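Trainee: Could we go through the helices of this structure together? I would like to see how they pack.

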Amino acid sequence: NNKKRRHTDSSTSLGVLPPVDGSLGEGGGQVIRVTASNSAMTRKNADVTHIRAKRPKPGLQEQHAACVKAVVAIAGGGKLFGCEVGSSTLRIEWDDDDNHVPQTDADGVEIHNVQINTAGATTLVIQACLPPLLMPHKPPVADRVRLSITGGTDASFAPTVDYTKHVFLPTIRRMFQSLDAQLDVQRRGFYPIGGGKIQLSLNNRSGHPPAPLNLEMRGETKNVTVRVVHVSTKRASELGEQFITVMRSSPSFAQGVTYGEVLVESAQGCKIGGGSRGGVGSLLVTLETSCGALLGYNTLFAKGDTDDKITQAFTNLVQIAEKDAASNACLDRPMTDQILPYLACAAGNSRVAIRAPLTPHAVTSLQLLEEQLGTSFTFHRADGIDTMGILTCTGRRSAE
């Protein structure tokens, strides 16, 4: 059911978010992550039913439970009911006394640790935890935070850690201008074993709402950077050069574009399993434009990949980048999905050019953000370009 449901302010004024049907939209873990994050930021109780009802393995999985527990631990003073693997319902309750003091180290740095006991994506934990860390219910105690997460760093159906580091965080920093956000990959973790470890460091955290984001002019693609991580350094270099050859063959990226040297990272020593499906690496390509837009596209490598499969994956990646370029999109689609909570909480109105139509992920997030935070999004197609859309948002902190 993708029909928009509007709620008046009175529905969210009693310390309780509107009830959430976990089968909303695609019915995946995104509903849980967005709801938990919004619940923490507003300190309003949340009830979710029919969790992941449309998925082959319905109910909470390990990575979803870990996300929710982390979000509640960050906000402090919350109780969880049904937060276990397989559960189809979840309740988050907040204490009336909002005097939680987070754990800090000897240097006054706020410390959080999250353990995913599978190859579940560490980057999705960041998606859920970062909004309440940057936009807490009350002013933060510490201006420095360290969030350490163990799990998968390069997982299917999620941004890779390199995408998060080189695309997501730089874009977020545009909205939090004093923020210093760094992501350190301490150990890679591939499917199905996981075991990777990352650390997100936030410095100069103010707790103030983000500035609005206005990105309507894409400009021309100027710089392309390819990063490859692989268990074989030699193979990583080969894959990077192969990808550049595919991309240079595209009319959209053949002229006037500077291709930097392939950046290679060795994942030698990572535990590899899962037979032919076992992960062995990933590739990220980032595009910088003349108007300051930053877009990224990633793909994964498995042990059993054939040359034809890799070539097809590279072709698909370039075709997605071509569609974004033709649409004058200033954000790629994963970034569009991930930026929405920050637009919703901004101290002002945002306008962003993106590729139409909105993804099902984005539609679900918009609905939850409007219902739970009381913000307002509009989306319309630009004149003359059917695939170009303008997303506008009235931030919930606009009146502050």
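Mentor: Let us begin with a term: buried means under 20% relative accessible area, exposed over 50%, and partly exposed in between, with a 1.4 Å probe and protein chains only. This is a predicted model, in which local features need pLDDT of at least 70, side-chain atom pairs count only at pLDDT 80 or more, and totals for chains, interfaces and linings use all residues. Residues are numbered from 1 along each chain as its sequence is written, and side-chain values use heavy atoms, with hydrogens and water left out.

Trainee: Is serine 37 buried or exposed?

Mentor: Serine 37 counts as buried because its relative accessibility is 5%. Serine 37 lies in helix α1; helices (H or I, at least four residues) and strands (E, at least two) are DSSP runs, numbered from the N terminus.

Trainee: Which residues is serine 37 in contact with, leaving aside its neighbours within four places in sequence?

Mentor: With those neighbours left aside, serine 37 is in contact with Val71, Ala128, Pro131 and Pro132. Contact means heavy atoms within 4.5 Å.

Trainee: And what does the side chain of serine 37 reach?

Mentor: The side chain of serine 37 reaches the backbone oxygen of alanine 128, at 3.3 Å. A polar contact is a pair of N or O atoms within 3.5 Å; within protein, one must be able to donate a hydrogen and the other to accept it, and residues adjacent in sequence count only if both atoms are side-chain atoms.

Trainee: At what angle do α1 and α8 pack?

Mentor: Helix α1 (residues 29-42) and α8 pack at about 25°, and their axes are 10 Å apart. Axes are lines fitted to C-alpha atoms, for helices over the stretch in contact, and angles run from 0 to 180 degrees between N-to-C directions. The two helices, α1 and α8, are therefore roughly parallel to each other. Angles under 35 degrees count as roughly parallel, over 145 as roughly antiparallel, 65 to 115 as roughly perpendicular and the rest as oblique.

Trainee: What about α2 and α3?

Mentor: Helix α2 (residues 62-75) packs with α3 at an angle of about 20°, with their axes 9 Å apart. That makes α2 roughly parallel to α3. Cys67, Ala70, Val71 and Ile74 in α2 meet Leu124, Val125, Ala128, Cys129, Pro132 and Leu133 in α3.

Trainee: How do α5 and α6 cross?

Mentor: The axes of helix α5 (residues 233-248) and helix α6 (residues 307-326) come within 10 Å and cross at roughly 50°. That makes α5 oblique to α6. Residues making the contact include Leu239 and Phe243 of α5 and Phe314 and Val318 of α6.

Trainee: Where does glycine 240 lie?

Mentor: Glycine 240 lies in helix α5, and it counts as buried because its relative accessibility is 0%. Leaving aside its neighbours within four places in sequence, glycine 240 is in contact with Val226, Val228 and Val262.

Trainee: Changing topic, how many residues of α7 are buried?

Mentor: In α7, 10 of its 12 residues are buried, so that this helix is mostly covered. What covers these buried residues includes α3 (122-134), α4 (161-173) and α8 (360-373).

Trainee: What happens at the start of α7?

Mentor: There, a side-chain oxygen of aspartate 332 reaches to within 2.9 Å of the backbone nitrogen of methionine 335.
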